[in-house]
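I opened my notebook to look up a few features of one protein model. My entries follow.

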Amino acid sequence: MDQGKKMTVALTAAVTAALSAGAFTAFADDTDIPIDESTFPDEVFRTYVQTCFGESLSQDEIANATAIDVSYENIARLDGIQYFTNLTELNCSSNQLTELDVSQNTALETLICGSNDLESLALSSNDKLIKLHCNSNELTRLDVSNNTKLTDINCGSNDLGSLNLSSNADLEILECNGIDLTELDLSSNTKLKELKCFDNHLESLDLTYNT
């Protein structure tokens, strides 16, 4: 098994953070998290976590895990990702996910979850996000109003129909091709440097503010 490609877990010894109260309702704050079917029900994901950490997750391991890459692994469920509360990067693209809960991963700065079967994606708790790639899913709505630090969004090939970017003043890269847009308001995105919006139904496009 190529562990580096299969799953990357970045360890930063200097990073220590107290666990959020109530983040793990089934375990005390000073208790190791067992890596079993009850905590990581997807067998493939569970195997990768066990390969990196053994049969349980210590609180130090949880605090120091900052990046996980489980792309292209045929994972159907990512339950258990909520235990990694210090994650800043998560790549779970090209799997078979129909749901993704990252509400406990409030430190996330990069989320790459494209090429899955996601119908919804709740990001209101992830206000540190800088990069979001959720392209090639089945999303019908994308609310990034609370993600004001975003500089890079790829939401192409979804069923969105509309896209509100009025809260994303720092946006520099936008790919929104093939999401059935009839209009696209970029007046708030004055830092925009790169735009891909082909395969939509736009009759006009005002780039006056995107100098």
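How many salt bridges does the structure hold? I looked them up and found three. I counted a salt bridge where a side-chain nitrogen of Lys or Arg is within 4 Å of a carboxyl oxygen of Asp or Glu. Side chains of opposite charge can pair when their charged atoms come close.

**Ground rules.** I noted that this is a predicted model, in which local features need pLDDT of at least 70, side-chain atom pairs count only at pLDDT 80 or more, and totals for chains, interfaces and linings use all residues. Residues are numbered from 1 along each chain as its sequence is written, and side-chain values use heavy atoms, with hydrogens and water left out.

**Entry: salt bridges.** I began with Lys191, which forms a salt bridge with Asp170; the closest N and O atoms are 2.8 Å apart. Lys191 lies in the loop between strand 8 and strand 9, and Asp170 in the loop between strand 7 (152-154) and strand 8, so this pair ties together parts that are 21 residues apart in sequence. I then checked accessibility. Buried means under 20% relative accessible area, exposed over 50%, and partly exposed in between (1.4 Å probe, protein chains only). Lys191 counts as partly exposed at 44%. Asp170 is partly exposed at 27%.

Next I took Arg77, which pairs with Asp79 in a salt bridge, the closest N and O atoms being 3.0 Å apart. Arg77 is partly exposed at 42% relative accessibility, and Asp79 is partly exposed at 32%. Arg141 forms a salt bridge with Asp143, with the closest N and O atoms 3.7 Å apart. Arg141 counts as exposed at 59% relative accessibility, while Asp143 is partly exposed at 33%.

**Entry: overall fold.** I counted three helices and nine strands in the protein chain. Helices (H or I, at least four residues) and strands (E, at least two) are DSSP runs, numbered from the N terminus. Along the sequence, the pattern reads α-β-α-β-α-β-β-β-β-β-β-β. Buried residues make up 45% of the 211 residues in the chain.

**Entry: aromatic rings.** I searched the whole structure and found four aromatic pairs. Rings of Phe, Tyr and Trp (its six-membered ring) pair if their centres lie within 6.5 Å; planes under 30 degrees apart count as stacked, over 60 as edge-to-face and the rest as tilted. Phe40 lies in the loop between strand 1 (33-34) and helix 2 (43-53), and Tyr83 in the loop between strand 3 (67-69) and strand 4 (89-91), so the pair ties together parts that are 43 residues apart in sequence. Phe40 and Tyr83 are both buried. Phe40 also pairs with Phe84: their centres are 6.5 Å apart and their planes at 55 degrees, so this pair is tilted. I read a relative accessible area of 0% for Phe40 and 0% for Phe84. One aromatic cluster is formed by Phe40, Phe45, Phe53, Tyr83 and Phe84.

**Entry: positive phi.** Most residues other than glycine have a negative phi. I found a positive phi near 60 degrees at Tyr72, which sits in the loop between strand 3 and strand 4. Tyr72 is exposed at 59% relative accessibility. Asp199 has a positive phi near 55 degrees. Asp199 is in the segment after strand 9 and is exposed at 61%.
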